[in-house]
There are 2 protein chains.
Amino acid sequence: MRRDEVKTPALILDLDALDKNIELMAIQCAEFGVALRPHAKSHKSAEIARRLIAAGALGASCATIAEAEALAAAGIPGLLITSPMSTNYMLERVSRLLLRRAEIILVADDFRNIHALAAIASKSDQPLRVCVELDVGLGRTGCPDIDDAVGLAQHIRAQASLKFVGLQAYWGHLQQLMPFEERQRQVSQGIERVRAAVSALRAAALEPDIITGGGTGTHWLDVQSNVFTEIQPGSFLFLDSCYQPIPLTPNGNPFLPSLFVAAGVVTANRPDRVIVNAGLKAFATDSGKPVPVHGVPPGAVYRFMGDEHGAVEFEKSSFLPGLGSTIELLTSHCDPTVNLHTRYIVVRRDEVVDEWPILARGY
Amino acid sequence: MRRDEVKTPALILDLDALDKNIELMAIQCAEFGVALRPHAKSHKSAEIARRLIAAGALGASCATIAEAEALAAAGIPGLLITSPMSTNYMLERVSRLLLRRAEIILVADDFRNIHALAAIASKSDQPLRVCVELDVGLGRTGCPDIDDAVGLAQHIRAQASLKFVGLQAYWGHLQQLMPFEERQRQVSQGIERVRAAVSALRAAALEPDIITGGGTGTHWLDVQSNVFTEIQPGSFLFLDSCYQPIPLTPNGNPFLPSLFVAAGVVTANRPDRVIVNAGLKAFATDSGKPVPVHGVPPGAVYRFMGDEHGAVEFEKSSFLPGLGSTIELLTSHCDPTVNLHTRYIVVRRDEVVDEWPILARGY
């Protein structure tokens, strides 16, 4: 099937661009001796996780227990669940994964959670590996203070069924900070805080094997920090319209856009716009609008028009996309856009070459 | 199971509030002799469609062919697909529904589409019923002008395999217009335009059996317009946080909030906030933020913090929700929020009484 004949709406993944992005990130990590455990919250795909591992990744980071379950079932090793597993339901599911001998690492930020983790891990014949999370300014999960983090690590060490393995420090709030120099300045401050935490852990005879964090927007700084043992970026795979205009290195942005939504023209009865069958349920809306890139006049812009529609607007003098024709749009925020679709339609140039399911969608 | 023990994140549907909302809308329509074909893009549920039909609804409106397929498979009659079916893939799927003798009505806004519809309908032994859509200011689908609409209706009549059945006119752009008086003024203008279209159709000997449109925000005006034979509201079922503060009648808003997301507290290590496991993938983000309503200190506010997390923030002096406890949030835009979940957890007061699947999610 040709790319412009796909059944719309469809999530299009350009395999050449994806492979190039994977290669670029793998080279960047290898150069500085930092491991890569890319975040599966972005891709939710066993096939992409396998490609990353083939390029040298340690495994996959996961935001939810459902992502970890899906990737474990697909045989993906080295799963780090980057959010605390604090509710009874999460703990039940972690327990089931342990009994299936899934290779997982958890993060924790609370003494009470350590007791719960120790209880479920005691039913397993392998120690459960746990990182302490330190908040580094995001204000989300993580211990607020270094002392808390060290105390928590000591508490993990004291549990026979748990194994303290390291530290997580994630600056999500800095990923798209502009200009680049300001991102660099704030990441440097964050790195000093991580170093201080590592020193405090060592002073308590707690050597972290893993120091994990980082993302697409800060990866260039993260790998050169000489503090992270691994990083967990995800969006570099797709380079959505949020990341595309942002320099990811001092020399710009080496990654390529690979993720598009193909939409069909359902109404074409005005000279300055067509209506396509992709709206609030086909695109994430938290970070701006998708950008029409294929099958449209130059300068076309997209406007959300309800659950299942958008307007693609352009100058009256331009060519009018035909009724029923296919338009492609660069997605805005990739992670929640991927989550809206059931599968990737994988293309090389103008040909559809594969179809990959999107896992662990919805609740 | 108790409501506060659900597996989070979960979409909670309060059945008493839902039933009350259905009853209120059914009474309002019956009083003015207007039929009800509620929009399934909001609920995506065969169970809710059946409850609406039990309360007197004609059937269900659908935004996509996938919604129509799912409801037809569940035996729901009277399906109106409110968007033009213009792409080859849509036409194939309509054709399959016709061959299964599904009871569907389509809308059209383009001559070229009429030819395509006539071709697929000619393979069926029943005429395909088609409404002409008139744009009434939304600028999305629909014929821009009344003359176009009449010409299109004549063209439908000329096709042996098609049956012209009426007119669709939808003012989506007026649904949440404030103040109420301005909404009323603009709806009155819209109604005059619909009347003019109906007159023009009659002058061409095209009597519309169906005049459909309207929504939750304008339903009180729509039913009293003496022009619509039926209306297609959806959000009244749930009364999300977009509609809740908006008067839907001159005397305020008779509907009750029925849709919530239950989220679990995953981090509780600061005095002024907790972190819950519901973020950009659990809530729509196009129309503001969810509102914490149960299990939180008074005045708590929600802030999005990534794909799978949000902060619930409050005054330091308040009680702190416990680690692993459940918080409920009133959803913002209901339709795209429902689409993110796989099922409704149906509750009466504090007890879970049922679980209903959400159909036709994703592409």
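1. The model is predicted. In chain B, strand 8 (residues 210–213) and strand 9 (residues 230–231) pair in the parallel sense, over 2 bridges. One bridge joins Thr212(B) to Glu230(B), the latter in strand 9 of chain B.

2. These strands belong to an open sheet of 8 strands in chain B, with the order 2-9-8-7-6-5-4-3 and parallel pairing. Strand 2 (35–36) and strand 3 (60–62) of chain B have a single partner strand each, so one side of each is left without a neighbour in the sheet.

3. Helix 4 (residues 65–73) of chain B packs on the sheet, where it touches strand 3 and strand 4 (79–81) of chain B; the direction of helix 4 makes about 170° with that of strand 4. Helix 7 (residues 146–157) of chain B also packs on the sheet, touching strand 5 (104–108), strand 6 (128–133) and strand 7 (162–169), and its direction makes about 170° with that of strand 6.

4. At the interface, 59 residues of chain A are in contact with 59 residues of chain B. The buried area between the chains is about 5100 Å², and carbon and sulfur atoms give 54% of it. Arg140(A), Lys281(A) and Tyr363(A) supply 18% of the area that chain A buries against chain B, more than any other three residues.

5. How many salt bridges are there between chain A and chain B? The count is 2. Arg270(A) forms a salt bridge with Asp135(B), with the closest N and O atoms 2.4 Å apart.

6. On the side of chain A that touches chain B, strand 10 of chain A gives the largest share, 7 residues. The residues of this side divide into 19 nonpolar, 22 polar and 18 charged.

Key:
Residues are numbered from 1 along each chain as its sequence is written. Chains are lettered from A and ligands numbered from 1 in the order in which they are written. This is a predicted model: local features need pLDDT of at least 70, side-chain atom pairs count only at pLDDT 80 or more; totals for chains, interfaces and linings use all residues. Side-chain values use heavy atoms; hydrogens and water are left out. Two strands pair if DSSP finds at least two bridges between them. Helices (H or I, at least four residues) and strands (E, at least two) are DSSP runs, numbered from the N terminus. Contact means heavy atoms within 4.5 Å. Axes are lines fitted to C-alpha atoms, for helices over the stretch in contact, and angles run from 0 to 180 degrees between N-to-C directions. Buried area is the accessible area (1.4 Å probe) that two parts lose on being put together, summed over both. A salt bridge is a side-chain nitrogen of Lys or Arg within 4 Å of a carboxyl oxygen of Asp or Glu. Ala, Val, Leu, Ile, Met, Phe, Trp, Tyr, Cys and Pro count as nonpolar, Asp, Glu, Lys and Arg as charged, and the others, Gly among them, as polar.
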